[in-house]
Amino acid sequence: MAQPDSKKIFFENLSGAGKAIAVLTSGGDAQGMNAAVRAVVRMGLYVGAKVYFIHEGYQGMVDGGENIREATWESVSSMLQVGGTVIGSARCKDFRSHEGRLKAAHNLVKRGITNLCVIGGDGSLTGANLFREEWSGLLSELVQQGLIEADAVQKYSALHIVGMVGSIDNDFCGTDMTIGTDSALHRIIEVVDAIMTTAQSHQRTFVLEVMGRHCGYLALVSALACGADWVLIPEMPPEDGWEEKMCQKLSANRAGMKRLNIIIVAEGAIDRNNKPITTDYIKNLVVKNLGFDTRVTILGHVQRGGTPSAFDRILASRMGVEAVLALLETTANTPACVVSLCGNQSVRVPLMECVQTTQEVQKAMDQKRFEEAVKLRGRSFENNLRTYKLLAHRKPESELPVSNFNVAVLNVGAPAAGMNAAVRSAVRVGISEGHKMFAVSDGFEGFYKGQIKEIKWGDVGGWTGQGGSLLGTKRTLPAKHVDKIAEQMRKYNINALLVIGGFEAFLSLLELSAARGKYDEFCVPMVMVPATVSNNVPGSDLSIGADTALNAITTTCDRIKQSASGTKRRVFIIETMGGYCGYLATVGGLAAGADAAYIYEEPFDIRDLQANVEHLTEKMKTSIQRGLVLRNENSNVNYTTDFIYQLYTEEGRGVFDCRKNVLGHMQQGGAPSPFDRNFGTKISAKAMQWLSQKLVESYRKGRVFANTEDTCCLLGMHARALVFQPVVELKDHTDFVHRIPKEQWWLKLRPLMKILAKYKTSYDVSDSGQVEHVIHSRPKDSDASVAM
């Protein structure tokens, strides 16, 4: 297999030999905790450390005995797809007392454990930090009581703590996403999508209560993801007189031929006087004022249950590995840290800084400083709230700015889940900015045929949760029809273009940019938003649609593996889409717990295939009975899926048998995931605002004229920020033959997948080890949250 660049830093010099690491889950459970536990155990064993489970959280640490058990590689098999936490979690009163912490210290020292990986919320992490600060004093007490030898104080002088935040509420400051949040959003959106069908049938209003006693993240993001009519959250209570405004909004929506209303309420929702707003109060209000048939649904613990999403599995796996690295690098003077997500990168932030900022949010809410509470939640939360208000509440015509600009929006390339959310966002933001919005059907093919019509605010209602492309999309490029497209631009007086699509959309913008020299019609601001399941667009780490495809792959792999449960040993060969881009195979492999993933970007030969077969043969001799191998559709012209299947079948004869599956277009179908709905909504809104700015800047002498490179851009997620990049500048970063970027961030995840599958490899840690501060860890000028 291709070796990583030797100039980079790798962790071979970081040894865990002689170290003991314990992992525990504490507080409320969250989907993805098991993936984090699995990653900690396997990474710990990989570097030579002893790893222990502490069952039942801090209670297990206090009680000791069988609650603290040594972990093996096999003991974390088949837990990746399981929700909750298999090692148990409990809220522990005993640990809050000094006596309880003394017992816990004794139980750890008996086993030589001085490294703790705690997965939980702010209460669990605060307790861990207090334990660390008291550690040397606790050991001295144990010596005085004759429970440990005096030399143990020197030998186990420091307790090292690393935290990972497992909480479905996403209420912890210092990280963009906590483990479990994305899965909880999946549960909520599944319920909302189901409720919308019955609500539409009976013209009902539904009031849904979601979790979030002190944090409105789940309510706000699910409202954004389903296009709810109204949302109530604790951080930003509604203005006095909100009841009348809400009823007016619901009534106006019904008058606009909408057959249903959805109101989402966080369980901790309050008014401006800190008085709770209940679902029953809202129901009675709607029935009394409007007479609408209204029902209440309280989702409750459904939100905590079920299998973790692909996002949570990947997030937890990355965090688990980073946590072990942090423990290996820590010294007696290193403060306890939390492994968190900033944009698309793992970072370490001081634990107590995060806890203090989180507590400040609650203090601000208690003191009615609501604007400050929203700011303390972080830029992602602020941006979500701003975007929801922009898209859900239409200004009266009299309040709209008059721009006299016409903006066209179209989809290009293959359909991708989330495209419709992006179109809805663009149309509504455009109308709010005073533009006249035009929808182009069937991409550039429809453009040159004149399939262009004005699209209004109400026309895109209910689009957020729809899969595919409602506008229609084709792979046709504009170059062959540039005359006719220019004619249509002239006819409809199009002043700006928003193109939503994959690699074809990128090529289209390059062609239109090149045509500017000949046609003044193309001297207008143009922007592209990446949307493709393949995630192969240069200039962006992520594309709309890729997360939905990953969830389809992960869910299918779970079912396929389960089909072999209780039968003889079996290996499954799964073919994924992606063209020449191995993103789906690699990241899907990481989320599904694959043993290998074959991709074009990392060349492989018959020796590698043989080594993989031997590795699986050894694995099957243990208690593990299932293997999973993913292959990108264009990874190798000769080593086809059939070839690999036949090779594995022959070489594994007598040890395991083989099955193959080609997932095909199911990866492109289905309703978009919460991630894709929100990513599409936010990135498209930002693109539209950029177009508005460029239209004003390029308006001269009664017309729009924009022919500079920076007026034809791609808006992409790059590391920690959404960045506008001229498409012409991206040519040098593109492999046009294979339709992929020359550099791809996710290749760094491949060694992680191999390590968790028990292969010896090198893992690049050049991005690790930097402790950042909560205040300074976010870019000032852009939304750092790639997630939500």
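Me: Why is Arg-69 called partly exposed in this predicted model?

Reply: The relative accessibility of Arg-69 is 39%, and since partly exposed covers the range between the buried limit of under 20% and the exposed limit of over 50%, Arg-69 counts as partly exposed.

Me: What makes Glu-66 and Arg-69 a salt bridge?

Reply: The N to O distance between the side chains of Glu-66 and Arg-69 is 3.8 Å, and because a salt bridge needs a side-chain nitrogen of Lys or Arg within 4 Å of a carboxyl oxygen of Asp or Glu, the two side chains meet in a salt bridge.

Me: Is Glu-66 buried or exposed, and how do you know?

Reply: Glu-66 has a relative accessibility of 62%, and because exposed means over 50%, Glu-66 counts as exposed.

Me: What makes the contact of Asp-193 with Arg-677 a salt bridge?

Reply: The closest N and O atoms of Asp-193 and Arg-677 are 2.7 Å apart, and because the cut-off is within 4 Å, the pair forms a salt bridge. This pair links distant parts of the chain, with Asp-193 in helix α6 (residues 181-202) and Arg-677 in helix α22 (residues 674-697), 484 residues apart.

Me: How do you know whether Arg-677 is buried or exposed?

Reply: Arg-677 has 1% relative accessibility, and because buried means under 20%, Arg-677 counts as buried.

Me: What does the salt bridge between Arg-348 and Glu-329 tie together?

Reply: The side chains of Arg-348 and Glu-329 meet at 2.9 Å, N to O. Arg-348 lies in strand β11 (residues 345-350) and Glu-329 in helix α10 (residues 310-329), so the pair ties together parts that are 19 residues apart in sequence.

Me: Why is Arg-348 called buried, and why is Glu-329 called partly exposed?

Reply: The relative accessible area of Arg-348 is 4%, and because buried means under 20%, Arg-348 is buried. Glu-329, at 32% relative accessibility, falls between the limits of 20% and 50%, and therefore counts as partly exposed.

Me: Where does Lys-93 lie, and why is Lys-93 called exposed?

Reply: Lys-93 lies in the loop between β3 (68-70) and α3 (98-110), and because its relative accessibility is 69% and exposed means over 50%, Lys-93 counts as exposed. Together with Arg-91, Arg-96 and Arg-213, Lys-93 belongs to a patch of positive charge on the surface.

Definitions and conventions: Residues are numbered from 1 along each chain as its sequence is written. This is a predicted model: local features need pLDDT of at least 70, side-chain atom pairs count only at pLDDT 80 or more; totals for chains, interfaces and linings use all residues. Side-chain values use heavy atoms; hydrogens and water are left out. Buried means under 20% relative accessible area, exposed over 50%, partly exposed in between (1.4 Å probe, protein chains only). Helices (H or I, at least four residues) and strands (E, at least two) are DSSP runs, numbered from the N terminus. Patches are made of residues with over 30% relative accessible area and no salt bridge: like charges are joined within 9 Å, nonpolar side chains (Val, Leu, Ile, Met, Phe, Trp, Tyr) within 5 Å. Accessible areas come from the Shrake-Rupley method with a 1.4 Å probe; for residues, only the protein chains shown count as cover. Lys and Arg count as positive and Asp and Glu as negative; His and the chain ends are not counted. The place of a charge is taken as NZ of Lys, CZ of Arg, CG of Asp or CD of Glu.
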